[in-house]
Amino acid sequence: MDARRRASLASALVLIGLGAWFLWIELSPIARAFAHGRYTWPLPIVGIGLGLFVIGLITWTPGLAIPACIVGGIGGLLYWQNATGHWASWAYAWSLIPGFVGVGIILAGLMRGRPRGGWLLLISMVLFGIFGSFLGGLVIVGQLWPLLLIVAGLIVLGQALFRPRKV
């Protein structure tokens, strides 16, 4: 199947899916209550991310996994903040965005057969742990946040010492 046909197929499936979703909302009181609920407004953002990923799969465009993970991840984060009311977590939650990029790169790499992106995910987790503990959001990490720096340093050291040299 050529690229133009796959793009048309993806567009058709997105339109059918959206139509089915909105028809379900119109005809089902339960779906309507869910869709117009106080805590569900971020879910369309997650849906857009999922839609981008599905389009990327159908058209076999691995690069779409990256924006799909960014949009879906931010939607999930907004959903959590809206449900908990913990909006102040934006002070350190922004550090998760490089991790969303890393997940997208990993997924795109898996589709291409060359997985990569683990570094962004690790950096994001370390930053989230450090900023979250400094700004009072991650009480669990507390005084142990320097361990994140030590682990990151050990990983970098291990790669520097054990990576095969290019000749």
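Predicted model: local features only at pLDDT ≥ 70, side-chain atom pairs only at ≥ 80, totals over all residues.
## A friendly tour of the helices, pocket and aromatic pairs

Which helix gives the largest share of the lining of the largest pocket? That is α3, with 10 residues. The pocket has a volume of about 620 Å³. It is lined by 22 residues, and those closest to its centre are Leu18, Trp21, Pro44, Gly47 and Ile48. At least two lining residues come from each of α1 (3-27), α2 (29-35) and α3 (43-58). By class, the lining has 18 nonpolar and four polar residues, and no charged ones.

Next come the aromatic side chains. The structure holds two aromatic pairs. In one of them, the ring centres of Trp41 and Trp87 are 6.4 Å apart and the planes meet at 10°; an angle under 30 degrees counts as stacked, so this pair is stacked. The two residues are 46 places apart in the chain, with Trp41 in the loop between α2 and α3 and Trp87 in the loop between α4 (65-84) and α5 (90-93). The other pair, Tyr92 and Phe128, is tilted, with 5.5 Å from centre to centre and 55° between the planes. Here too distant parts of the chain are linked: Tyr92 sits in helix α5 and Phe128 in helix α7, 36 residues apart.

| Residue | Relative accessible area | Class |
|---|---|---|
| Trp41 | 42% | partly exposed |
| Trp87 | 37% | partly exposed |
| Tyr92 | 5% | buried |
| Phe128 | 21% | partly exposed |
| Leu107 | 29% | partly exposed |
| Ile123 | 42% | partly exposed |

Tyr92 counts as buried because its relative accessible area of 5% is under 20%.

Leu107 belongs to helix α6 (residues 97-112). Which residues does Leu107 touch, leaving aside neighbours within four places in sequence? The contacts are Phe53, Ala65 and Cys69. Leu107 and Phe53 are 54 residues apart along the chain, while their C-alpha atoms are separated by 9.7 Å. Ile123 is part of helix α7 (residues 118-134). From Ile123 to Pro98 there are 25 residues in sequence and 7.7 Å in space, C-alpha to C-alpha.

Methods: Residues numbered from 1 in each chain as written. Heavy atoms only, no water. Helix = DSSP H or I, 4+ residues; strand = E, 2+ residues; numbered from the N terminus. Buried < 20%, exposed > 50% of the residue type's maximum accessible area, 1.4 Å probe, protein only. 1 Å grid on protein atoms, 1.4 Å probe; cavity = no way out; pocket = protein on both sides within 12 Å on 5 of 7 lines; lining within 4 Å. Points joined across faces, edges and corners; volume = space filled by probe spheres on them. Nonpolar A, V, L, I, M, F, W, Y, C, P; charged D, E, K, R; others polar. Contact = heavy atoms within 4.5 Å. Phe/Tyr/Trp six-rings, centres within 6.5 Å; stacked < 30°, edge-to-face > 60°.
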